[in-house]
Amino acid sequence: MSQLTHPSIDWSDPGAPISVEFDDVYYSTTNGVAETEYVFLRPNGLPQRWLSHPRGHFAVAETGFGTGLNLLVLWHQLRQFAQRSDSGNSLRLHFVSFEKYPLTVTDLARSHRQWPQFADLAQQLRNAYPIATQGCHRLVLDQGRVTVDLWFGDALDTLPQVDAGPNGVFDAWFLDGFTPSKNPQMWQPELYQQMARLSRPDATYATFTSAGHVRRGLEAVGFSVNKLPGYGLKREMIHGQLPGEASPMSQPSHVAVVGAGVAGASTALALCRRGIAVNLYCQDPKPAQGASGNRQGALYPLLNASDDGLARFYSQAFPLARQQLLQLAECRQVDHALCGVVQLPVDDKSSNKLKKVSEAGFPLELVHAVDAEQATQIADLPLDRGGVYYPLGGWLCPAQLTQAMLDEAEATGLLTLQPEHRLTQLQRNDSGWQLQFEQQRSVQAESVVLATGVGTTALEATAALPLNPVRGQIAYPSAQGELASLKSVICADGYLVPSQDGRVTCGASFGRGDADDSIKAEDYQEIGQRMARSFAGLPWLPALAPEHYDQGRAAVRATVRDHLPLVGPVPQWDHGDSLPVAHQPGLHLLTGLGSRGLCSAALCAELLASQLCDEPRPLSLSDQANLAPDRFERRARAKAQKR
């Protein structure tokens, strides 16, 4: 895992912090807010341009996030614009920034004191500010009104990974890296080429510099170049535009989402926040009756020692899941405790694996090694060995989280929940998709999202998907003796969650290929065996023996063999070996979350909603491909073509 470096900052003058690496200031020594408005907003036609903007979101790309000042100024302008103009009430801001040296939250807070007028916005930003790992980190702010993607890493390395969609994704650019003479690595022809690739027709840009090689680079890729007097002591600056006309909104107005667990609720909330009406079809009398109905579930990322798609995805999904939980819990009931997660080995193989994870270069606040004494102190329960610790992890109630997301979606006025609708058939026709439910009920929808877990393969259009049922049973024994003092989640061969209402949660059985969700005595025995393997010889283990399992629950999870979800358009299955794989128009998936749905669902939903609305995506091209439902079909066809 490649490491990121926080910048060294000279705070000798709090009003003008200086980057030690680049010997340049982060913002104007006189008035940083006025500089942002003069250099970036006005030449890009903002906020006036929003009055005639043809889409529901306006996307800005920025090189160099720094203190986040440009975001705060633009966000503040968006709020004022909405108050002044009815036409701006539904406009959303999508702000995408590329930063090689992300500031710490402490340095952000120190700089934000300079702008008390943005105190509320700055606090929201800092509350959601991500752990410094490579890749894109999505922040959903202001109840979905503002979306921020922070791409941590070198801009010239990360820009080629950004999905341009069919017609570009950015409406405006803020070129705000340190001055070209002090940061020549960024101001390269590759930057301008990527700008052209990622820009929509009629996209604009503005920058504080007017260096000749910058002007020539922008002109070479098709941007116009216009000079203006510079701000403050700067003599000149430039701005310009790509030729073309703004493309109209392409997002659907209505989507049918089938499935009302964590996956379906996450999807419904993401779509409703984008102004899309959602009919959510639930096969049960109420939501979260399947795998999302548990009383407690652990929240922590699935990491390994390789810098691969699995580790990247979960290190990006986890901060967003945590962010969403904390935001929802401010106004909805979601029982939770971000008390940390201790993961312990059970044999030499797992011990070596955890050691490699702890040495893989992840930030310490994401995961780090602990010895037996430290693990005991964290858990407040005697433990006989160390492992790794996820300090930002914990547990939450999945059923309440699901309901909280649905309540938030309903508050938009765009969600209609349809209980007791079990989907039996799905057929493509000239108008889109016909959904046939039990009791001969039928509806028509142009766009459909299936969040139906293992039930997805019962439909002809999705029968070929590589989804496998895995039955999991958990137990809720009383928190007896020392168990009552458990303070953190412990994971080993099984997992143990601290007491809620006098009972701990332990589990889980693992019935691969088993779709039966009834309680089984033999599964309680399996849970007991897992607890014994995990905590053999510890004095509090007898309280977790199967004879104490008087309450529990079983559910079936949908898993994929590579441990990554299926997110995106559904492939066509009858096109031979042709590449690229064609998709079934208007049919999308969010499924295969396995036992990690609490960690992955929020990012999966944001990815799917971004695809449907042609917004900047929160994952790289390669990481999207790793989650795409056609990935196995694509690999099989590529292999067949090589024969």
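Gln-77 is buried, with a relative accessible area of 12%. Buried here means under 20% relative accessible area, exposed means over 50%, and partly exposed lies in between, with a 1.4 Å probe and protein chains only.

A word on the basis. This is a predicted model, where local features need pLDDT of at least 70, side-chain atom pairs count only at pLDDT 80 or more, and totals for chains, interfaces and linings use all residues. Residues are numbered from 1 along each chain as its sequence is written, and side-chain values use heavy atoms, with hydrogens and water left out.

Back to Gln-77. It sits in helix H2, residues 69-84. Helices (H or I, at least four residues) and strands (E, at least two) are DSSP runs, numbered from the N terminus. What does Gln-77 touch, leaving aside residues up to four places away in sequence? Glu-37, Leu-41, Pro-47 and Trp-50. Contact means heavy atoms within 4.5 Å.

Now the domains. Domain 1 spans 21-242. Domain 2 is 254-289 + 399-466 + 561-642, and domain 3 is 341-391 + 470-559. Those bounds come from an automatic or database domain assignment.

Take domains 1 and 2. Their C-alpha centres lie 32 Å apart. The contact takes 22 residues from domain 1 and 14 residues from domain 2. About 1,500 Å² is buried between the two, and carbon and sulfur atoms give 51% of that. Buried area is the accessible area (1.4 Å probe) that two parts lose on being put together, summed over both.

Four salt bridges are counted between domain 1 and domain 2. A salt bridge needs a side-chain nitrogen of Lys or Arg within 4 Å of a carboxyl oxygen of Asp or Glu. Elsewhere in my notes, Arg-200 and Asp-614 pair by their side chains in a salt bridge, at 3.5 Å from N to O. On the domain 1 side that touches domain 2, the elements giving two or more residues are strands S4 (57-63), S5 (92-99), S6 (135-141) and S7 (146-152).

For Cys-339, the nearest cysteine sulfur is that of Cys-491, 10 Å away.

How values were computed
A disulfide is a pair of cysteine sulfur atoms within 2.5 Å.
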